[in-house]
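Please find below a short note on the structure, arranged as numbered points. It begins with the chain as a whole and then turns to one residue.

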Amino acid sequence: HRSMEYGGPYSISKAALLMSYRAWNADFPAGEIVVGSAMPGVVIGPMQDQARKGNYPGVQIYRDYQEKGMLIRAERVAEFLYWLLFGTNDAEFRALDWNIFDKSHHANWLNGNLSA
């Protein structure tokens with residue numbers, strides 16, 4: 001949805017996935033194939049730990065994720081994706097690019113805080 005400084009290849013790959021989701025749903029409007037899209041956020045783990053180390057252009061972006069409480073536990077992402085796959089019907093699943101931070105669906109699956 002947006003480009004990020006020092007993240008060109010990553011942003012390009014995410015844009016390609018989003019366009020694939022939209023194209024496949026346009027090609028199969030009757031739902032013969034159901035394609036969904038999810039934005040699971042930035043997951044706590046070794047990749048993020050490593051990204052915050054060192055002194056290189058863009059490192060502050062990854063440090064800010066932690067400082068702003070934007071890192072999400074993998075278990076929370078799993079709960080979100082499980083609900084999305086099994087708690088929505090085909091029409092709901094394919095209707096949106098589901099964002100884990102969108103509070104409108106939190107009551108359906110989130111028990112507690114995203115980062116807790």
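Predicted model: local features only at pLDDT ≥ 70, side-chain atom pairs only at ≥ 80, totals over all residues.

1. In total, it contains 6 helices and 4 strands.

2. As to overall dimensions, the C-alpha atoms fill a box of roughly 50 × 35 × 20 Å along the principal axes. The chain has 116 residues, and 30% of them are buried.

3. The contacts within the chain also deserve a comment. Of those between residues at least 6 apart in sequence, 62% join residues at least 24 apart.

4. Concerning the surface, the chain exposes about 7,700 Å². Carbon and sulfur atoms supply 58% of this area.

5. The chain carries 11 positive and 12 negative charges.

6. Is Asn-25 buried or exposed? Its relative accessibility is 12%. Because buried means under 20% relative accessible area, Asn-25 counts as buried.

7. Which residues does Asn-25 contact, leaving aside its neighbours within four places in sequence? They are Ile-33, Val-35 and Arg-94. With Arg-94 there is also a polar contact of 2.8 Å, which joins the side chains of Asn-25 and Arg-94.

Notes:
Residues numbered from 1 in each chain as written. Heavy atoms only, no water. Buried < 20%, exposed > 50% of the residue type's maximum accessible area, 1.4 Å probe, protein only. Polar contact = N/O pair within 3.5 Å; in protein donor to acceptor, adjacent residues only side chain to side chain. Contact = heavy atoms within 4.5 Å. Helix = DSSP H or I, 4+ residues; strand = E, 2+ residues; numbered from the N terminus. Areas by Shrake-Rupley, 256 points an atom, 1.4 Å probe, with all protein chains shown as cover. Lys, Arg positive; Asp, Glu negative; His and termini not counted. Charge placed at Lys NZ, Arg CZ, Asp CG, Glu CD.
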